[in-house]
Amino acid sequence: MLKVGLVGLPNAGKSTLFNALVSGAAEVADYPFTTIDPNVGVVAVPDERLQKIASLVGAQKATPATVQFVDIAGLVKGASKGEGLGNQFLANIREVDAICHVVRCFGPAKIPHVYGSVDPVRDAEIVNEELILADLDTIDRRMAKTERMLKSGERKYQEEMSSLRVLKDTLSRGRAARLAGLEEMPEGLFLLTAKPMLYVANVSEEEVDSSPEAARLEEYARRQDAPVVVVSARIESELAELSPGEAAEVRKSYGLSDPSLNRVVRVSYDLLGLVTFFTTKGPETRAWAVRAGTTAVEAAGKIHSDMEKGFIKAEVISYRDLLAAGSMGAAHDRGLVRVEGRDYMVADGDVILFRFRA
């Protein structure tokens, strides 16, 4: 399962946001390094298409696609050199596929700021700088190794050194590796700043619809081509404990049209480069998350290895065509259901029936 890591400075609200996302019980307190061992939770991806498909085919159960969120220990300046829980932080973040960077945009109130004042741009830069410094260390070690291999005269090492120089120049200018403009990273490099990043501006209850600090963070993130979702983690964590009806009423009182958490999950899902396909069998309709570019036979393997091994064909209809037809039977009658082979690339919204030899 693909993982999104929640990172940020201590007391930024990571664990509060994590609790709201998974309706869990991560340890939350007003002092640094509350989260030492990472908390892990599986979160459903909101998708209105799922229930509509289930209704059309008469399924009694609708199972959503999921993304795993990991609440990682707070980072402080010097983490790349082992300060605080730096080494553990860097080890944990290497294991995730995308980064959700939670930045504090609410005032001191009862919760002290680790640096004494609220400044979202400064805070974001501290975390990003530590990731960049860790990556520069990785690049330097790799360049030393590649330098020795250049003596072989093999072209691949010359190309690798060229890419490493581009990366080092980009990182040295304070920019993430994902902004270096390379089509692909040197194999086995695993740079932290090559991972896609989403910023979450964690605002106070009073500033959910207008926060000057969140606006500053949005401008900073725009220069990095990174999305920002504005959330009051405290509100969302309280709403997560209410019934859906009660939560809707409270959300309305704050002028919130939909759960901010849905946007966090949805943007994280998009950052991972995922698409959703659906299957319907018996009483269950289910959404599945796969990387864009996944073939039909690979998607079958996502469900069960036997389906991949015995793959024969995929019967495919788009969500829009199924919705327009009104039922699977009507879709077949209109010739809207296509037969695709093993190399067909699954598109977002495909409803698929896999045929395979058992």
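The model is predicted: local features need pLDDT of at least 70 and side-chain atom pairs count only at pLDDT 80 or more, while totals for chains, interfaces and linings use all residues. Residues are numbered from 1 along each chain as its sequence is written, and side-chain values use heavy atoms, with hydrogens and water left out.

**View 1. Burial and surface of the protein chain.** Of its 358 residues, 47% count as buried. The accessible surface (Shrake-Rupley method, 1.4 Å probe) comes to about 17500 Å², and carbon and sulfur atoms contribute 49% of that area.

**View 2. Elements and contacts of the fold.** The protein chain comprises 13 helices and 12 strands; these are DSSP runs, with H or I over at least four residues for helices and E over at least two for strands, numbered from the N terminus. Among contacts (heavy atoms within 4.5 Å) with a separation of 6 or more, 68% join residues 24 or more positions apart.

**View 3. Surroundings of A180.** A180 is situated in the loop between α5 (155–172) and β6 (197–202). Its relative accessible area is 16%, so A180 is buried. Not counting residues up to four places away in sequence, A180 touches V166, L167 and T170.

**View 4. Cysteines C100 and C105.** C100 has a relative accessible area of 0% and is therefore buried. C105, at 1% relative accessibility, is likewise buried. The disulfide count (cysteine sulfur pairs within 2.5 Å) comes to 0.

Note on methods:
Buried means under 20% relative accessible area, exposed over 50%, partly exposed in between (1.4 Å probe, protein chains only).
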